[in-house]
Amino acid sequence: MKAARGSVVSKKGTPWGTIIAVVAIVALAAAVITYYMVASAPKREQSDREAAAASFAPTASDPDPSKRIPGVVTATYTGSVHVLPTERVAYDKTPPFGGPHDGYWATCTGTVYPNAVRTENMVHGLEHGAVWIAYNPQQITGDALNLLRVRVEGKPYTMMSPYPGLDKPISLQSWGHQLKVDKADDARIDEFIAALRSNPNGVYPEVGASCDALGAGQFDPDNPPPFDPSKPGPDAKPMDYKGTPNAQADQNGGMSQQPSAPAPGTPTK
């Protein structure tokens with residue numbers, strides 16, 4: 001009997017097929033988990049940065065928390081002053097963060113533009129409550145560029161584009177506000193966005209205006225008007241310009257027949 005039992009055991013052998021299958025499943029699961037951890041790391045790290053900047057979210061008692069961020073500069077601009085797509089503005093700041101602008105706004109629905117976009121369209125996006133991250137493409141590349149991208153991509157009321165010739169590596173714009181920084185991991189970037197992106201407390205002219213330019217006429221986010229690096233000529237519109245006749249984008253995306261700029265705060269969404 002003992003000999004018979006030993007013979008049966010010896011015939012069963014080691015279940016190599018089962019062992020190999022289990023090892024393969026474990027290896028696959030480990031690979032999937034590792035991939036997920038690596039791929040999701042930028043988003044998880046960004047969530048941590050946003051949580052750290054949450055104290056800069058605007059409230060009724062603290063309507064403009066950007067005033068607490070070192071390095072932020074401000075200026076006052078009149079809203080709803082529009083120019084034609086063929087006209088340029090002699091802006092007083094680089095990049096500008098307010099003033100006359102194209103009647104068609106740039107798409108600012110978490111849009112990352114791979115190429116520089118016409119400034120006059122980007123400024124109109126600021127009037128709608130967006131934050132625009134501009135960067136010097138010769139200084140910000142690789143990991144630094146990805147660190148900026150994760151702050152913008154898919155985030156409502158944000159947009160990002162290269163800005164050739166920028167005097168700092170990175171510049172953030174909101175209507176009437178600007179912050180220039182040297183590094184993409186600067187915590188003030190997240191504080192600026194938390195304080196000013198779609199801030200409901202009247203820090204930009206057109207509260208509630210859309211950031212989606214689809215159907216808005218002459219701005220195509222997939223083929224936007226290009227940035228013009230040349231100095232504006234003598235025919236450029238000055239900062240105190242009152243608006244070009246028929247340059248007002250109406251709610252249907254066409255051009256209205258209003259001969260000049262409406263009162264500040266008039267929505268153009």
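1. Cys 108 and Cys 211 are joined by a disulfide, S to S 1.8 Å. The criterion is a pair of cysteine sulfur atoms within 2.5 Å. The search of the whole structure finds 1 disulfide. Cys 108 sits in the loop between β3 (101-102) and β4 (109-112), and Cys 211 in the segment after α5 (187-196). The pair links distant parts of the chain, 103 residues apart. Helices (H or I, at least four residues) and strands (E, at least two) are DSSP runs, numbered from the N terminus. The link of Cys 108 and Cys 211 is left-handed, with -100° about the S-S bond. Cys 108 and Cys 211 are buried. Buried means under 20% relative accessible area, exposed over 50%, and partly exposed in between (1.4 Å probe, protein chains only).

2. Provenance. This is a predicted model; local features need pLDDT of at least 70, side-chain atom pairs count only at pLDDT 80 or more, and totals for chains, interfaces and linings use all residues. Residues are numbered from 1 along each chain as its sequence is written, and side-chain values use heavy atoms, with hydrogens and water left out.

3. Aromatic pairs. A search of the whole structure finds 5. Rings of Phe, Tyr and Trp (its six-membered ring) pair if their centres lie within 6.5 Å; planes under 30 degrees apart count as stacked, over 60 as edge-to-face and the rest as tilted. The pair of Tyr 77 and Phe 97 is edge-to-face because the planes are at 85°, with ring centres 5.7 Å apart. Tyr 77 is in the loop between β1 (73-74) and β2 (82-83), and Phe 97 is in the loop between β2 and β3, 20 residues apart. Phe 97 has 0% relative accessibility, so Phe 97 counts as buried. Tyr 77 is buried too, with a relative accessible area of 13%.

4. Tyr 77 also pairs with Trp 175. Their ring centres are 6.2 Å apart and their planes are at 75°, so this pair is edge-to-face. Trp 175 lies in the loop between β7 (170-174) and β8 (177-181), so the pair ties together parts that are 98 residues apart in sequence. Trp 175 is buried at 4% relative accessibility. Tyr 77, Phe 97 and Trp 175 form one aromatic cluster.

5. A charge over a ring. Arg 68 lies over the face of Phe 56, at 4.5 Å from the ring centre. The test asks for NZ of Lys or CZ of Arg within 6 Å of the ring centre and within 35 degrees of the ring normal.

6. Helix α2 covers residues 16-52 and includes Ile 20. Ile 20 is exposed, with a relative accessible area of 56%. Trp 16, Ile 19, Ile 20 and Val 23 make a nonpolar surface patch of about 430 Å². Ala 52 is also in helix α2. Ala 52 has 62% relative accessibility, so Ala 52 counts as exposed. Ala 52 and Asp 190 are 8.4 Å apart in space, C-alpha to C-alpha, and 138 residues apart in sequence.

7. Patch terms. Patches are made of residues with over 30% relative accessible area and no salt bridge; like charges are joined within 9 Å, nonpolar side chains (Val, Leu, Ile, Met, Phe, Trp, Tyr) within 5 Å. A salt bridge is a side-chain nitrogen of Lys or Arg within 4 Å of a carboxyl oxygen of Asp or Glu.

8. Helix α4 (residues 142-152) has buried residues, among them Leu 145, Leu 148 and Arg 151. Gly 154 follows α4, with a positive phi near 80°.

Key. Areas by Shrake-Rupley, 256 points an atom, 1.4 Å probe, with all protein chains shown as cover.
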